[in-house]
Amino acid sequence: MRSLIAAALTLWLAAPSAAQEIVSAYTDIDADSTCSTFAAAAEGEGDWSNMVCAGYRGYPVVVHYGDLRESVFYGFPPDGDLAPAWESFSGFNRTGPRIEWRIERQDGRETPFATIHRWFVADGEGGPETEVLVVEKVGQIHGREGCVVGYVVASGNPDANGKARRIADGQARDFACGDQPTIDAGSVPLREFVHDRP
């Protein structure tokens, strides 16, 4: 009898982990085919534009570009706010085309809760760009809070992709925007970053 109870307890304890799975999916940003510009500088107003792009299964990606720098928001931004807080690097920068989405599968539902996106940041002195994997919390349709959770410098940092996934999986869902992001710099220092948050 005790063995039957122990077996049943083991199966019961194992059930939640069996029902939940974290996987990756990938989408690409293509300004010509997957994005739509909803605001841009008029003549004489400088060089800036704002785009909304297709993300993962209806989750949008909002890209803000200005002065050779980008700020990207993944998921649903705060109500009525298509210009969420500016989060970028001080130096000139650009993002790669591919986004990795970390997705929780549970009870037949899929919820993308974090993204990993490769950025290329100039050093301002004509040297090689620093590659940084930026981990972000995805704005959900109800919570609508998204922000940078962590930075993993990919240049000179072994297993940078694995480190970024561990930050995403372990921190993104419960991360409070406004807290200090995690930084894993390896042998190359992280370039200065900017968070324009209240």
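Before anything else, one term: contact here means heavy atoms within 4.5 Å. The model I am showing is a predicted one.

Let me start with the overall layout. The protein chain contains two helices and twelve strands. Reading from the N terminus, the order is α-β-β-β-β-β-β-β-β-β-β-α-β-β. The chain has 198 residues, and 39% of them count as buried. Taking the contacts with a separation of 6 or more, 53% are made by residues 24 or more positions apart. The exposed surface comes to about 10,800 Å², with 53% of it supplied by carbon and sulfur atoms.

Now to helix α2. This helix covers residues 160-171. Which residues of α2 are buried? They are Ala160, Gly162, Ala164, Ile167 and Ala168. On the spacing, a general point: an α-helix has 3.6 residues a turn, so residues three or four places apart point the same way. As for what covers the buried residues of α2, the list includes the strands β7, β8, β9, β10 and β11. For orientation, β7 is 93-106 and β8 is 109-121.

Asn93 lies in β7. Asn93 is buried, because its relative accessibility is 7% and the cut-off for buried is under 20%. Leaving out residues up to four places away in sequence, Asn93 touches Leu68, Arg69, Glu70, Ser88, Trp119, Phe120 and Val121. Asn93 and Ser71 are 22 residues apart in sequence, and their C-alpha atoms are 9.5 Å apart in space.

Thr115 is in strand β8. Is Thr115 buried or exposed? At 0% relative accessibility, Thr115 counts as buried. Beyond its neighbours within four places in sequence, Thr115 is in contact with Tyr74, Ile99, Glu100, Trp101, Val134, Val135, Glu136 and Val138.

Between β7 and β8 there is a loop, and Asp107 sits in it. Asp107 is not a glycine, yet has a positive phi of about 50°. With 62% relative accessibility, Asp107 counts as exposed. There is another case of this kind at Asp67, which is not a glycine either and has a positive phi of about 55°. Asp67 is found in the loop between β4 (60-66) and β5 (69-74).

Now the cavities. How many cavities of 30 Å³ or more are there? The count is two. I will take the second largest cavity, which has a volume of about 40 Å³. Its lining is made up of Glu87, Ser88, Phe89, Trp119, Val134, Glu136, Val148 and Tyr151. The elements that give two or more residues to this lining are β6 (87-89), β9 (130-137) and β10 (147-153). Which element gives the most to the lining of the second largest cavity? That is β6, with three residues. By type, the lining residues of the second largest cavity divide into five nonpolar, one polar and two charged.

Several of these lining residues tie back to what I have already shown. Ser88 is one of the residues that Asn93 touches, and Ser88 also lines the second largest cavity. Val134 and Glu136 are among the contacts of Thr115, and both line the second largest cavity.

Trp119 is another lining residue of that cavity. Trp119 lies in strand β8 and counts as buried, at 1% relative accessibility. Trp119 and Ala154 are 35 residues apart in sequence and 9.4 Å apart in space, C-alpha to C-alpha.

Where does Leu190 lie? It is in the loop between β11 (182-184) and β12 (193-195). Leu190 has a relative accessible area of 19%, and therefore counts as buried, as the cut-off is under 20%. Setting aside neighbours within four places in sequence, Leu190 is in contact with Phe89, Val132, Tyr151, Val153, Ile183 and Ala185. Of those contacts, Phe89 and Tyr151 also belong to the lining of the second largest cavity. Leu190 and Val152 are 38 residues apart in sequence, and their C-alpha atoms are 8.2 Å apart in space.

That is the tour.

Methods:
Residues numbered from 1 in each chain as written. Predicted model: local features only at pLDDT ≥ 70, side-chain atom pairs only at ≥ 80, totals over all residues. Heavy atoms only, no water. 1 Å grid on protein atoms, 1.4 Å probe; cavity = no way out; pocket = protein on both sides within 12 Å on 5 of 7 lines; lining within 4 Å. Points joined across faces, edges and corners; volume = space filled by probe spheres on them. Helix = DSSP H or I, 4+ residues; strand = E, 2+ residues; numbered from the N terminus. Nonpolar A, V, L, I, M, F, W, Y, C, P; charged D, E, K, R; others polar. Buried < 20%, exposed > 50% of the residue type's maximum accessible area, 1.4 Å probe, protein only. Expected span 1.5 Å × (residues − 1). Areas by Shrake-Rupley, 256 points an atom, 1.4 Å probe, with all protein chains shown as cover.
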